Amino acid sequence: KTIHSRLKPKFYPSVSAPSIPSLRSLGLRLKGTLCSSQTRSISLPQKMTDPNRAIDSSSATKETVEDSTASTFRDTTALAKEAETSSLNLASITDGQNERGIPAVKFVEDIGALSESFSPPASAEILIGAFTDLFTKYKAYETNLSQKRLNFLQKIPEIEKSLAIVTTLKKKQDENETITTQYQLADVVYAKAEIECKGVVHLWLGANVMLEYTYDEAIELLKSKEEIAKRQFDEVNADLAFTRDQIITSEVNISRIYNWDLRRKRAAKTAS
């Protein structure tokens with residue numbers, strides 16, 4: 001019996017508040033291209049003083065109410081207007097790309113300097129919306145690359161098996177021998193068969209297409225397919241690791257911008 005174990009999922013820190021609309025939800029897009037993606041909602045972690053979280057101590061409750069007041073965001077119309085006039089674009093929050101063209105997101109060291117680098121200065125809501133759009137696109141990349149990886153894990157063993165069979169047939173032909181094997185008649189019914197190695201084999205190419213090859217041609221073709229598949233598999237693994245790093249960096253950026261905005265508004269309220 002095969003026992004399937006259910007692995008615990010790996011959790012990354014959740015970021016961004018539902019009350020902060022992304023650029024996509026405002027009907028806007030970053031100036032630049034990355035990839036098509038699915039819509040994804042992102043919620044704030046409980047660590048980031050969620051106004052709706054129940055806290056026992058009275059001091060913590062007071063702080064939560066103050067944070068709730070300080071984190072009141074502007075209406076959607078004002079945000080849409082700011083997004084239209086902002087100079088923020090994809091290049092301003094990414095830093096180059098990898099060999100396959102996946103952009104690398106910048107880690108924001110100085111959030112204030114980043115905000116002031118745009119004309120007009122970008123608000124926290126606009127910055128969070130931009131990084132949230134990047135985050136959803138990276139998640140779409142991750143899903144696509146994970147599926148490609150699974151396909152290669154099935155494809156490569158099939159190529160290796162076919163190559164081993166053709167190599168065996170050629171060896172038996174050189175030795176002028178026949179092969180005795182089990183021939184499948186039905187799902188659980190097999191019969192013994194003797195195969196003459198005549199130097200010709202038929203390979204499936206896909207889309208219900210089968211072509212005839214000599215042993216040497218088949219071995220050359222299968223070796224080429226195996227080499228390409230393994231190289232692409234390595235590239236997919238590298239891209240998947242790179243994309244997951246960008247997802248984590250995007251989440252960290254969103255969390256830091258959100259906390260920076262809370263501290264800034266709290267300081268302004270205290271000063272007034």
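In which loop is Ala207 found? Select Ala207 and you will be in the loop between β5 (200-206) and β6 (209-214), where helices (H or I, at least four residues) and strands (E, at least two) are DSSP runs, numbered from the N terminus. This is a predicted model, in which local features need pLDDT of at least 70 and side-chain atom pairs count only at pLDDT 80 or more, while totals for chains, interfaces and linings use all residues. Residues are numbered from 1 along each chain as its sequence is written, and side-chain values use heavy atoms, with hydrogens and water left out.

Ala207 has a positive phi of about 55° although it is not a glycine, and its relative accessibility of 75% makes it exposed (buried means under 20% relative accessible area, exposed over 50%, and partly exposed in between, with a 1.4 Å probe and protein chains only). Most residues other than glycine have a negative phi, and most peptide bonds are trans.

Next, select Asn176, in the loop between α5 and β3 (178-184). Its phi is also positive, near 55°, and Asn176 counts as exposed because its relative accessibility is 72%.

Then move to Pro120, in the loop between α4 (111-116) and α5 (124-174), and display the backbone: the peptide bond joining Ser119 and Pro120 is cis, with omega about -10°.

The following stops concern charged side chains, and the structure holds ten salt bridges, each defined as a side-chain nitrogen of Lys or Arg within 4 Å of a carboxyl oxygen of Asp or Glu. Select Arg244 and Glu142, whose side chains meet in one of these at 3.0 Å, N to O. This pair links distant parts of the chain, with Arg244 in helix α6 and Glu142 in helix α5, 102 residues apart. Arg244 is partly exposed at 32%, whereas Glu142 is buried at 12%.

Asp261 is buried, with a relative accessible area of 2%, and Lys265 is partly exposed at 22%.

Finish at Asp239 in helix α6 (residues 215-271), which is buried at 7% relative accessibility. Leaving aside neighbours within four places in sequence, Asp239 is in contact (heavy atoms within 4.5 Å) with Asn98, Arg100, Ile102 and Leu145.
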